[in-house]
Amino acid sequence: MVEMNSHRRMQLYGALLLLPAAVLLSTFAYLPTITTLINSLFLPGFRGAPTEFVGLENYRLLIEDSTFWRVARNNLIYALGTIPTSIALALAMALFVNARLPGRGFVRMAYFTPTILPMIAAANIWMFFYAPQIGLFNKLLGALGLSGVNWLGDPSVALSSVIVMTVWKEAGFFMIFYLAALQGMAPELKEAADLEGTSRWSFFWRVTFPLLMPTTLFVLINALINAVRVVDHLFILTKGGPNNATNLLLYYVYENAFSFFDRTYAATITVVILVVLAIVATVKFAILDRRTHYQ
Amino acid sequence: MNHASQQRIRLEGVTKRWGDSRGVDGISFDVDPGQFVILLGPSGCGKSTTLRMIAGLEQATEGCIHIGERDVTRLPPGDRGLSMVFQSYALFPHLDVADNIVFGLRSRKVPRAERRERLQRVAELVDLGAYLDRKPAQLSGGQRQRVALARAIISEHPICLMDEPLSNLDARLRGEMRREIKALQTRLGMTVVYVTHDQVEAMSMGDRVILMQDGIIVQDDSPDDLYNRPATAFAASFIGSPAMNLVHLDAAGGKAVIDGEPSVAVAPVEASNGQLGLRPEDIVVLGPDDAGLPARVIDGEYLGADTILRLAVGSQVLRARLPGKRPLADGQRCRLGWAPAAAHLFGDDGARRDDLTPLTVSAAVGRPSGDGGHSASPSPSGTSPGIPS
C-alpha cells in the first residue's frame, strides 16, 4: 500500500513537471492546430451570418485554385533555391573560419551579422541593392556598361532576387551550427589521418562530413521550416508580386486571411502546409537518421 | 618491417619555440632500429612536443630530424613512414573497428583484397577479431586501445610513435597493456618512441629512457642506470616510488652532515650545501642503541608487502621502505644505516658528484645497493669502528 502511494506520488510529480510545457504547447500549438482544422471545414459567414459547415468544399476549391498552385510552385522553387545553397555556403564558411587565419574573430562576426539583423531591416537594405534606378547592383552593372535589370519588378527575375537575399540571410545562421560541430571534433582525428597521408578532400568526405551529419540533419529541417515560415521580406520587397511571381504559401495565407477576409480558406491552406511539412520531416528523419552517427 | 636501414631516427639540435618560450631546447639523440625508447618527464617538459616533431605534427623551429637516410624535418607527416598511437586513441567514431583499422590503407590506395588480408592478420594479432563490426563507442577502454594499436601496426611502418597511450586506462588494464605492447614490439621488431610521465611504464618497457626537464635532456640511459646512477637530483627524484630521498647537507666538524643532525657525518665536507640521495629501500632501520644516524619515526604506511616509514632526521624527513608489517610505533627512536654505495651525492646545482665518496654511516650495513633483504633486526653493537658518535 505504501509502495503504491509512493509510486502514485512519483507519477504525480512527473505530471506536474510536464505541466508547464504541456500548457504552453496546448495553448499555442495544439489548440490552434485543431481550431484551424475545424475552421477549414466551414465557409465564412458574412455580415453576421453564422459560418456554414461545408465539409471538404474548401479543399476542392483549393485544388481548383490556380493561384494556389502557382504559389505552391513558387515555394518549391524557393525551397530548392535556398536550402541546398545556404547549407553548402554555411558549411564552406564554417570550414573556412574554423581554420587558422588572421582576423578569424572578425570574419566570423562578419559572416554572422546578417543573422542578427531583423528580416525587415535586411529586406530594406536589399531594397537599396535591388532598386531599379539608384540600386547598387544596377549602378555596378552601369559602370561596366551593361544595362540594368529590374530585379524585383521583372516576373522572371523577382523570385531569384528574393532567393539570393534569403541565402545571404540564412547561411550565416547555419554556419554557427556547423562551426560549433567542427569545434567539437577532436583535432587528433585530423592528425591521425595526416599521418596516413590522407588528403584534405578525402578527410572531408570520409570523416568531417559524416561526423557533421547530425548538424546537417538539424539544419536541413530548420531550413525547410524557414522556407515556408519566413515571409517578412516579402512585405518589404515585393508584396508577393509582380503577378504572384514571388508569392509564397504563408504570404498567400496572410493575404487570404487579412486582405480578402476569407479566414476559412486561409485555414485550409494552413492545414495543407502542415501536412506537407509533417510528411517531409518524417521522410527526412526516416531516411537520414539511419545514416547519421550521433556521438 | 624489413627495411632495417630506414628505421634509425636521428635528432640534431632540435628546438621548438613559441614566441619567446622554448618548448624544446636543442635536443639531440639517436634511436636505433628495433629499440624501444621512452621519452619520460613531468608534464610540460617538452616530451610530447618532441614526439610530435618527429611525427611532423609540429614543425621544428631549429635543428633537423633524420629518419634513415632522409632529412624529414620539413616533410609532411604522411611522407615520413611512421605511425602513431594517440593518448585519446583518435578513433573515428562513425566508423566500425574494421574501417578504423584500414583507414590509412584506404588513404594509401591499398587494393581491397590486400586490405582485407592484412586486417585479418592484424585483428588476430591484437585479439579484436570478434569486434570488427562494432563502433568505438561500443568498446571498452582496453579494446579501443587495441584498435589504435592495430591501426598503427597494419600500416607496416617500421617506426611507431606512442603518446601516453595507456594514461586513459585503469591501473590493472595498464599493467596488462604494458606487457602486450612490449611483446608486440619485440615480436614485430618495431622501433618505438614512447612518451610517458609514468616512471613505471618507463622502467618496465624501455630499452632506453630519455628523461627530459624544461625542454632539455637530463639523462639518456638504460632503465637500470637511470635508477642506480641518476645524473641529477631531478632524475633521482623522478624515478622510484616512493621517490629517492633527497636531504640537504650542511658542513659541521670538517664533514658534511644532514641538515639539523650534526652528530653523524655522511660525506666529505665538499658535499655540503649539496644533497644526499637515498633510495627508500636502501635505508636500514637499526635499534636505538646501534651505531648509525639517529632518527625518529613520524608515521608508517602499511602497504601489504611492505611498509613505508616516514622518519625525522634533523630538520629533514626520510622515507624508508621496509618489508612486511613494521611494528615500530610512531614517535619511536631508532638509528638508520645504509651501504655507502647506496648513497648518491648531488652538488648544489643538482648534478651528480661522482668525485666524492659517501662515508660509511653504519658498518653493520655493508651490502651494495640493489641487493635484496633488508636487515631489520638490530645489528650486534660494538662492531662499528668507523662510526663517529
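How many residues does the contact take from chain B, and how many from chain A?

Reply: This is a predicted model, in which local features need pLDDT of at least 70 and side-chain atom pairs count only at pLDDT 80 or more, while totals for chains, interfaces and linings use all residues. Residues are numbered from 1 along each chain as its sequence is written, and chains are lettered from A and ligands numbered from 1 in the order in which they are written.

The contact takes 18 residues from chain B and 16 residues from chain A; two residues are in contact if their C-beta atoms, placed from the backbone, lie within 7 Å. On the side of chain B that touches chain A, β6 (82-85) and α2 (97-107) of chain B each supply at least two residues. Here helices (H or I, at least four residues) and strands (E, at least two) are DSSP runs, numbered from the N terminus. The largest share of that side, 3 residues, comes from α2(B). By type, the residues of this side divide into 9 nonpolar, 7 polar and 2 charged. Ala, Val, Leu, Ile, Met, Phe, Trp, Tyr, Cys and Pro count as nonpolar, Asp, Glu, Lys and Arg as charged, and the others, Gly among them, as polar.

A residue is buried if 20 or more other C-beta atoms lie within 10 Å of its own, exposed if 12 or fewer, and partly exposed in between. Not counting residues up to four places away in sequence, B:V193 touches several residues, including B:I9, B:V31 and B:L161.

A:L217 is found in helix α10 (residues 213-229) of chain A. Because 18 other C-beta atoms lie within 10 Å, A:L217 is partly exposed. Apart from residues up to four places away in sequence, A:L217 touches A:L288 and A:T292. The C-alpha atoms of A:L217 and A:L288 are separated by 7.2 Å, although these residues are 71 residues apart along the chain.
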